[in-house]
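Biologist: Can you walk me through this one? I'd like to jump around a bit and ask whatever comes to mind.

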Amino acid sequence: DAVGLLLASVMVVVIGPVVEEAVFRGALLEGLAARLGVWPAVLVQAALFAAFHRSLWLLFPTFVLGVALGWLAHARDSLWPPIALHALYNAITVAAAFLVA
């Protein structure tokens, strides 16, 4: 039904990016960067981010997205820019899925 689709879209486009950015770019990236340095931490958190999404087909694109989001979080010293980019990416994906369906 329409309400279910709307709620699912809100979860994917709004809630998901906020929670995932807090976990992967907030806690994980910051903790790893303190131990490994910034770029190794960016790569490790991106690999974990890609693995978390559990799709062999999307492993590489999700890893690349994780690197971009990690770099953006570090470069801007804020989670808001990667949250915005992540939400935009997910919104495009949801819109494409609706157009195909």
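Predicted model: local features only at pLDDT ≥ 70, side-chain atom pairs only at ≥ 80, totals over all residues.

**Loops, helices and a core**

Biologist: Where is the place of Arg54?

Modeller: Arg54 sits in the loop between α2 and α3. The helix names come from DSSP runs, numbered from the N terminus: H or I of at least four residues makes a helix, and E of at least two makes a strand.

Biologist: OK, back to Arg54. Buried or exposed?

Modeller: Its relative accessibility is 77%, so Arg54 counts as exposed. The cut-offs are under 20% relative accessible area for buried, over 50% for exposed, and partly exposed in between, with a 1.4 Å probe and protein chains only.

Biologist: What's phi doing at Arg54?

Modeller: It is near 50 degrees, which is positive in a residue other than glycine. Asp77 has a positive phi as well, about 50 degrees, and is not a glycine either.

Biologist: Where is Asp77 found?

Modeller: In the loop between α3 and α4, with α4 covering 80-100. Asp77 has a relative accessible area of 69%, so it is exposed.

Biologist: Zooming out, how many helices and strands does the protein chain have?

Modeller: Four helices and zero strands. From the N terminus, the order is α-α-α-α.

Biologist: What about the radius of gyration?

Modeller: The protein chain has 14 Å, which agrees with a compact globule, because 101 residues would give a value near 13 Å. The radius is taken over C-alpha atoms, and the globule rule is 2.2 Å times the number of residues to the power 0.38. Along the principal axes, the C-alpha atoms fill a box of roughly 45 × 25 × 15 Å.

Biologist: How much of the protein chain is buried?

Modeller: Buried residues are 31% of the 101.

Biologist: Which residues are in the largest nonpolar core?

Modeller: Seven of them: Leu29, Leu32, Ala41, Val42, Ala46, Val67 and Ala73. At least two residues of this core come from each of α1, α2 (38-52) and α3 (59-76). The largest share, three residues, is from α2. A nonpolar core here is a set of buried Ala, Val, Leu, Ile, Met, Phe, Trp, Tyr and Cys residues joined through side-chain atoms within 4.5 Å.

Biologist: What is Val42 in contact with?

Modeller: Leaving aside neighbours within four places in sequence, Val42 is in contact with Leu29, Val67, Gly70 and Trp71. Contact means heavy atoms within 4.5 Å.

Biologist: Switching to Glu21. Buried or exposed?

Modeller: Glu21 is buried, since its relative accessible area is 0%. It belongs to helix α1. With neighbours within four places in sequence set aside, Glu21 contacts Gly26, Leu69, Leu79, Pro82, Ile83 and His86.

Biologist: And Glu30, where is that one's place?

Modeller: In helix α1 too, which covers residues 2-36. Glu30 has 46% relative accessibility, so it counts as partly exposed.

Biologist: Then Leu28. What does it touch?

Modeller: Val23, Gln45 and Leu48, not counting residues up to four places away in sequence. Leu28 is in helix α1 and is partly exposed, with a relative accessible area of 25%.

Biologist: What about Leu65, buried or exposed?

Modeller: Leu65 counts as buried, at 11% relative accessibility. It lies in helix α3. Not counting residues up to four places away in sequence, Leu65 touches Phe49 and Tyr89.

Biologist: Last one. How many positive and negative side chains are there?

Modeller: The protein chain has 4 positive and 5 negative side chains, with the centres of the two sets 8 Å apart. Lys and Arg count as positive and Asp and Glu as negative, while His and the chain ends are not counted. Each charge is placed at NZ of Lys, CZ of Arg, CG of Asp or CD of Glu.

Definitions and conventions. Residues numbered from 1 in each chain as written. Heavy atoms only, no water.
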